[in-house]
Structure formats: structure tokens, C-alpha cells
Amino acid sequence: MRYAIRASFFDFRSRLDDVTLASQHARYIEEGVLLIDQGTIDALFEWENRDQFPEWQDYTFYDLRGKLIMPGFVDTHIHFPQIGMVGSWGEQLLEWLEEYTFPAESEYHDRAFAEQMASAFLDQCLENGTTSALIFGSVHQGATEALFSAAEQRQMRLIAGKVMMDRFVPEALCEEVSQSYQQTKQLIERWHNRGRLHYALTPRFAPTSTPELLEAVSQLKREYPDVWMQTHLSENPQEISWVKELYPEHQNYLGVYHHYALTGPKSVFAHCLHLEESEWQCLSETQSSISFCPTSNLFLGSGLFNLRKAHQHKVKIGMGTDIGAGTSFSLLRTLSEAYKVQQLQRYALTVAEAYYHATLGGAASLSLDDKIGSFMPGKEADFVVIDLAVTPLQKLRQSRSRDIWERLFVLMTLGDERNIRETWVNGRCAFQRPESGC
């Protein structure tokens, strides 16, 4: 459990209020040593300074020269019960839910099936370098138990919750408010702050929530003020119009959640593509976070996220793969699509900002940056070992790259899960490519 790993390293030293300055806070060590003791980072130093840290010789040594090590990727929006329906053709949000999502999630009433899929889901996360995530479960208590149990076995730091919904869904997925409240309460009592696991209240979105259900969510938030809250917000114009019909007494979509005290530092709203100015202000004032999900936004034709607007209002941003409307578990692929989405809006997403959102910035958006997201001493040792060139095109392009920024941009635009050589969780190797030796 005590390891000294020699490699190249890239991270960010501190949480940023202005992410456009990310490059100024980035740290790249071409040849360094990372010391890990019992799952915690002891130190990161230059190889040439190793005499100042003589204790490194007492650690189990791994020589990974030629590889780049980064903090583990943080996925701030992903659906556990949608792994089996990724790449379903031809619909936009509301039709897609009816045609594909609800039927897929109905299968999770079977606990044995949920356990099998939970293992497959988390293994995909690790294979893609994701070490922490904010996860939507299904409406089923047993399936959420299965997800937490599988995560505990893998020692992952995860936040998850059972979906809550009581209208406009198939009968098999529709809850009574009292049932939803009681099952959620039981899950919080059992799993919240258990080891590296946390609970998130998870109303699917306002259309599938009656006022009575949102009041029950609000009550749970009052009873357990340190839990997280996750939901969807302003993903699709048709969805927004529907919310206005269902909740005409509120100023806007976010106003529904804010009325029930569901905004705040541990509240994460996925998508946020079509916000009104007052909604941006509310997110900022309440210190709520947004999950930017470019692959699903493009796949469903929902719209383009305005990252520049988020910066103007100083709203925290994390990256979300949004499996299964999203089309890849890979946050490298997700960053590539994020770059293209911003190009369409004449905002050049920098390499530093992109990787910040996927690592320390993602951790900050989940209020976990005191625990994960960088290689500062005392942080938990979650990280990925990356091979920058695993295809002929990558090898050619990397050989022509002038500096670390260009090499990271090539990784971001041409890379995918094949570049993840190893994924370490809580100071141990949890995934390795067949040729890897951890």
C-alpha cells in the first residue's frame, strides 16, 4: 500500500475562481515521483530532487517513464440504468425517454440483473479513466443498492441516488410520494457517507415530479442537509414549455427547483442549454453547479451549452458523459466534443480549461475538491496512467507536437479509452490494459 511511481505528471495546484486562467495554475512535471501511502498522496516531486525525499526508497517502486499520470476523471452526470441503450436512434429528448429510456430502466426491478449491470457499468467507468462520478440510478431501491455495493467493492468515491418520479412515466416506474420518500430515506441512512460513498437526492426532472414529490425531496434535504441533489434543467425547448405549463406559478424552470430549496452548493443541474438571465443569476447566487454534457446535447439535438456565459456568472462547471444519451464513457471523447461545441459559438476552449473541468474543476463542482482532483499532499490517490500514443495516427501526431499543451490537445481530440493504460482508485490499481503490469 506504499508506492513510489516514476512518470510524467499533470494536474492543477488549486481550485480556480476564474477558469480562463487555468494554464497559470497547471503543473507539469516531465519526470517526477508520486508517493502514495495507504491510499493517500504523500508527495509529488521532481526526480532530480529525490535526495530531498529519501523515504521514497522504502516504497514499492513502479517505473512508468514514458507515461503521463493525471488525476482520475470526474464524471458529473451519468445514468447507471442506461448503459444498455447507448446509441439508440432518431429521437429528441421527450420522445427518446418514452421510446428507449423508460423501457430500459424498467428492467432494473430485477435485483440480479441490476447487480450484473452495476458491475459492467462501473468497469466501463474505470476502463475509461473515470474514478469518481455523480450517478442517476433507476427508480428501484434494489438497483440503487446494487450500484452502491459494486462501488464499495471497487473503493470508488461516488455520489448516487435513486430516481424519484411520480407522474408521466409508465406504471412500472411510477411511485407513490410516500414510497419514494421512505425508500430514499432508507438509502440515505444506509449509504450516505459510508466509506467513499455519498447520496444524492434525484428527482428526475420537474415534468415527472408533482409538487408533492418535490416537497418530499425538500423535506429530505432539510432532514439530511449534507446530501447532494441532482436533476435536469433546460435541456430541450419542448421540455421547458412543458414545465411552464405544469408550473405556471413559477417564473421559470429553475424557479421550480429553487422554490423547493433544491438549489445550493451541493446541487448539480445537468445541461442548462436554454437558461434565462435570471436563472443564470440564481445558479450563481446559490453556488449551484452545472454539468456540461456535449455528446448527449449533440446526439439528441438539444442545443449548445454556453460556457462563456457560465464564466461570466462564475458558475461551477463539471463534465458529464450523460450515458446513455451520451455516446461514450470516455471523458477524453467528451472533451473533444466540448471543444467543438464551443467552436460553434466562437469560444476557443483551451487545453488547460478542458482538463481542469474534467479533473479538479469537476471535483469542485461536486464539492469534493478537498479530497480528489489533484496531486496535493493529503488528497486521495485516484489517478489515470495515460499512454499518449496508441494508434499510428496518434504516434505520428505526437511526434510532431511541440510542447505539453499540444500533446494534451492531441490526446483530447484523437484519444479515447485505448489511451488509458491503468486506473488507480484509492491508492491501488483497479483497472489495467492486458499489457500493463500494475
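In this short talk I will go through the pockets and cavities, the salt bridges and a surface patch of the structure above.

What we have is a predicted model, in which local features need pLDDT of at least 70 and side-chain atom pairs count only at pLDDT 80 or more, while totals for chains, interfaces and linings use all residues. Residues are numbered from 1 along each chain as its sequence is written, and side-chain values use heavy atoms, with hydrogens and water left out.

Let me start with the empty space. Rolling a probe the size of a water molecule over the atoms shows where such space is left. The search runs on a 1 Å grid over the protein atoms alone, where a cavity is a set of points at which a 1.4 Å probe fits but cannot get out, and a pocket is an open set with protein on both sides within 12 Å along at least five of seven lines; a lining residue has an atom within 4 Å of a point. Grid points are joined across faces, edges and corners, and a volume is the space filled by probe spheres set on the points.

The largest pocket has a volume of about 380 Å³. It is lined by 21 residues, of which L16, D17, K314, V315 and K316 are the closest to its centre. At least two lining residues come from each of α9 (277-286), α11, β13 (316-319), α13 (351-358) and α14 (360-365), and α14 gives the most, with three residues. Here helices (H or I, at least four residues) and strands (E, at least two) are DSSP runs, numbered from the N terminus. By residue type, the lining of this pocket divides into eight nonpolar, eight polar and five charged residues, where Ala, Val, Leu, Ile, Met, Phe, Trp, Tyr, Cys and Pro count as nonpolar, Asp, Glu, Lys and Arg as charged, and the others, Gly among them, as polar.

How many cavities of 30 Å³ or more are there? The count comes to two. The largest cavity has a volume of about 110 Å³, and of the 13 residues that line it, L93, W96, L97, H232 and E235 are the closest to its centre. Helix α2 (residues 93-106) supplies the largest share of that lining, three residues, and the lining as a whole divides into six nonpolar, four polar and three charged residues. The second largest cavity has a volume of about 70 Å³, and its lining includes I41, P71, F375, E380 and D382; that lining divides into five nonpolar, five polar and two charged residues.

I turn now to the salt bridges. Side chains of opposite charge can pair when their charged atoms come close. The criterion is a side-chain nitrogen of Lys or Arg within 4 Å of a carboxyl oxygen of Asp or Glu, and by this rule the count comes to 27 salt bridges.

One of them joins the side chains of E175 and K162, at 2.3 Å from N to O. This pair links distant parts of the chain, 13 residues apart, with E175 in the loop between β8 (163-164) and α5 (177-191), and K162 in the loop between β7 (157-161) and β8. Are these two residues buried or exposed? E175 counts as buried because its relative accessibility is 6%, and K162 is buried too, with a relative accessible area of 0%; buried means under 20% relative accessible area, exposed over 50%, and partly exposed in between (1.4 Å probe, protein chains only).

R333 forms a salt bridge with D416, the closest N and O atoms being 3.4 Å apart. The pair links helix α12 (residues 331-343), which holds R333, to the loop between α16 (404-414) and β15 (420-425), which holds D416, 83 residues apart. R333 is partly exposed at 35% relative accessible area, whereas D416 is buried at 4%. The side chains of R333 and E417 also meet in a salt bridge (3.6 Å, N to O), and E417 lies in the loop between α16 and β15, 84 residues apart from R333. At 21% relative accessibility, E417 counts as partly exposed. Elsewhere, salt bridges that share partners join R157, R196, E380 and D382 into one network.

Finally, the surface. L298, L304 and L344 form a nonpolar patch with about 260 Å² of accessible area together. Patches are made of residues with over 30% relative accessible area and no salt bridge, with like charges joined within 9 Å and nonpolar side chains (Val, Leu, Ile, Met, Phe, Trp, Tyr) within 5 Å; accessible areas come from the Shrake-Rupley method with a 1.4 Å probe, and for residues only the protein chains shown count as cover. L304 is found in the loop between α10 (294-299) and α11 (307-312).
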